Amino acid sequence: MTHSTRLLFLLALFVSLAASAADSFEFWPGADYDPAVPSVESVIGHTSGERITWYRDAIRYFETLETALPDQVSVHRYAESWEGRELIYVVISSAANMARIDEIKAGMQSLRDAGSTSQAEADALIESLPAVTWLSYGVHGNEISSTDAAMLTAYHLLAARGDERVGRILDETVVIIDPMQNPDGRDRFIHAFEMAEGLEPFADRLAAEHDEPWPSGRVNHYLFDLNRDWFIQSQPETRGRVDAIQEWYPVAFVDAHEMGSDSTYYFAPEALPYNPHLAADQRASLELFGRNNARWFDHFGIDYFTREVFDAFYPGYGASWPSYFGSVAMTYEQGSAGGLIFRQYDGVEVSYAETVRGHFVTSLATTETVANNREKFLKEFYDYQRSAIAEGGRESIRAYVLPTQADQAGADKLAALLVRQGAKIGIATEGFRACGENFEAGSYVINLNQPAKRLIRTLMDIDVPMDAEFVAEQERRRAKDLPDDIYDVTAWSLPLMLNVETVACSRRIAVDTTPAGSEFVRPGEVRGGEASVAYLVPWGEATSARFLANALKQGLAVKSTDRAFTHDGRRYASGTLIIDVADNPDSDARIRHLALTTGANVVAVDDSWISDGPNFGSGNVVRHNAPSVAIAWDRPTSAYSAGSTRFVIERQFDYPVTPIRTERLKTADLRSYDVLILPESWGDYAEALGEAGAANLKRWVAEGGVLIAVGSANRYVADDKFELAALRREDAVIETEDDDKAAKTSGNGDEDDDVSTVEGRYLESLDDYEAAIRPERESPDSVGGVLVRATVDPDHWLGAGVAETINVLVRGPDIYAPIARDKGTNVARFVAADELLASGYLWEENRRQLAFKPFAVVEDSGRGFVVSFTQDPNVRAYLDGLNVIFMNAIFRGSAHARPVR
């Protein structure tokens, strides 16, 4: 036997042994499967857990099941990803249930509409309807085992013989499987994994197959964490899924994830804090599911844990959002193999098949729990709607009004978001008085005596409080420098994030209304006929910024004013767009189409006389170019920040952005770009770019470029070693005995660093001990996520058209000192400490230190600018109230820069 032949023999032997091991793994010992039902292996060529299944193969398997058993399986397409992959859900039940599936869906709609469904009608439905269970898998594409578990779950439900639970599950329930919530991310992970594979899979955590390249498969095409997108619905995957779920209203919803590879398995009950708008029976039911999961894990000898992490407070998770229409929603987390095998810290090796089994067992246990408690869950679902209606009629807040307002586009979007999630909202057809105020026709009216009341309160209330005991425990932990247990942001109020005026009322509002629609952008119009002199687009709404972006793409000549002006008795804000007819002949049709599609309202004018403020030809009016915009891409940027920033510009404002690998910025000739954005970082820009990168960026800015630094990217920009900006980050304030509240600087005075002892002293009190262990220098404590108020300078071009007060999501430890007037302008700064907090829980020291500190800073540098946003204005694409100031940085910044053209 030759050497090469021996190698081929050994390779074949290895593959055979590996396949044999996977084949021999018993997911459900003793199960006997009907050979007439297509198995996973027969369709896609490998057994469950033997390989990580690609998107196309998983879809093919479910389509094969539908073809083989059309009376028990139906496949439904509910969305398409950015990369063109269809998302599906699969309905599985008994033939009898499938024959009346439309009746079942209608029955769940009737139970949801409890205000129109009597108790007697509900009782009849509860007696006759199967309960719907929704199992969702793989919202994070690199959490791989759940999709393979989804296929195995479907196969078991359709083919298992001798498992007495299966018949009852199919008769008593309808099981809906969403096998892959993030197909783009999953295929990205598998591609990277298979690129790194060699002769055999490696368990070593250092192996390349366990080390994903940026941006990882966790995120979708625009690098969004889809498990934070549920109520803002920025992504097509989420919008389609929310629509589909509301067709069915499942009584139980599972979101199957993976977690760190050294972990075991987690299932409900969730950790504290609970959202106070959850119903008591929902919390009680979490334990019912948990106990049945635990029973089967005990049966198979599988380790698990509950309660310690993954709270039910933030409403934007897949494991929380369904709760607000009455479902029992849960997250399940399997310790990941990150490939085909992984060696944990204690030396135990976990195979991919074992991780598939974890989700397979809980999937079946969950459907079993629903089947065994069908009537209970259906009754509680109906009671949830009834109690929501009752609470909405007696609580302190019984209605909300969104008045007609300056940012009407923001109010329209807020109303549409709620309508898309099941809220009933009316548009007043006449003026009315309520809550002690007068409101115009066109105002949105939201009475809370409706089934969606808990969702509305959760998303609309200015603040949703955390349990006092939980907060006290976090303060205790913080005092000991222990990490807090706050898992995500503590503030998400939609009126604050969209900066929309909202009025809460203590009484139900009686006024004639028409139903509000679900369109995010309502068509705009041109008022005044065809202009003979100019078209004016009032600045200050997202719609006007979208108009500008599209007009520049189409080659229209656009100007804007740095100061407010009055024309024909109407006041126009600074930033207002001016499209001269002389510069844009035969443009009326194009401008009307732009108004229609962007939502902007345009005013046609037939003279240029200004009664107050700058004329159209003033030096305070600038001409816009169509800026070429680039963004730093790849490590060390935060994929979330890079993705959401690019998404906001490209998909909300229709303007293209060029991603450039960060390392290229060291030496790249950037003269063809007008704007460069540095997103937040997960690593260190200083390491990636260093002095060479700083010198290249500094030279480019001096020649007329606009550099926009977002959040933690300012650590690089503000580093005095690189001198890109005069902005500086602060240390935590250390309060001394003489109450000197100054940030303590580093260093040990005149102490000799080579001395290995320190001067002795007596510690006579606990205060002395606390002072002795306090670090010489430390950052402020990290903030999980709160909304704070900032005030805007309207006289600077960056603040043009921006609301006087904006709400900023503050996360992390970074606080920056105000910049001196001779160095730049603090265009937006946080307000005084006693007015600062708008929503959420903020550490007291951070509240005091953040007061009067900058959010948005502009520094002139040669012919260009450095614009610093000390917090990310594009987080999760849900801070619409910050859209205008960020678009100003791009479009008005490039208009004010003076590159040689």
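This is a predicted model: local features need pLDDT of at least 70, side-chain atom pairs count only at pLDDT 80 or more; totals for chains, interfaces and linings use all residues.
**The packing of H5 against H13**

- From H5, the residues Met108, Leu111 and Arg112 take part in the contact, and they meet Leu378, Phe381, Tyr382 and Gln385 of H13.
- By class, the residues of this contact between H5 and H13 comprise five nonpolar, one polar and one charged.

- Strand S7 (residues 252-259) is largely enclosed by the rest of the structure, because eight of its eight residues are buried.
- Ala252, Val254, Ala256 and Glu258 point one way from S7, while Phe253, Asp255, His257 and Met259 point the other way, and the residues of both groups are all buried.
- Strand S4 (residues 131-137) runs parallel to S7 and is joined to it by five bridges; within this pairing, Thr133 has Ala252 of S7 as its bridge partner.
- Strand S11 (residues 328-335) also runs parallel to S7, with eight bridges joining the two, and here Ala256 stands opposite Tyr332 of S11.

**Helix H20 and Thr645**

- Helix H20 covers residues 639-652, and its 14 residues should span 20 Å at 1.5 Å a residue, which agrees with the 18 Å that separates its end C-alpha atoms.
- H20 is mostly covered, with 12 of its 14 residues buried; among them are Ala639, Ser641, Ala642 and Gly643, as well as Arg646, Phe647 and Glu650.
- Thr645, which is found in H20, counts as buried because its relative accessibility is 0%, and the cut-off for that class is under 20% relative accessible area.
- Once its neighbours within four places in sequence are left aside, Thr645 is in contact with Ile631, Ile677, Asp872, Asn874 and Phe886.
- H20 is followed by Asp654, a residue whose phi is positive, near 65°.

Note on methods
Residues are numbered from 1 along each chain as its sequence is written. Side-chain values use heavy atoms; hydrogens and water are left out. Helices (H or I, at least four residues) and strands (E, at least two) are DSSP runs, numbered from the N terminus. Buried means under 20% relative accessible area, exposed over 50%, partly exposed in between (1.4 Å probe, protein chains only). Contact means heavy atoms within 4.5 Å. Two strands pair if DSSP finds at least two bridges between them. The expected span of a helix is 1.5 Å times one less than its number of residues. Ala, Val, Leu, Ile, Met, Phe, Trp, Tyr, Cys and Pro count as nonpolar, Asp, Glu, Lys and Arg as charged, and the others, Gly among them, as polar.
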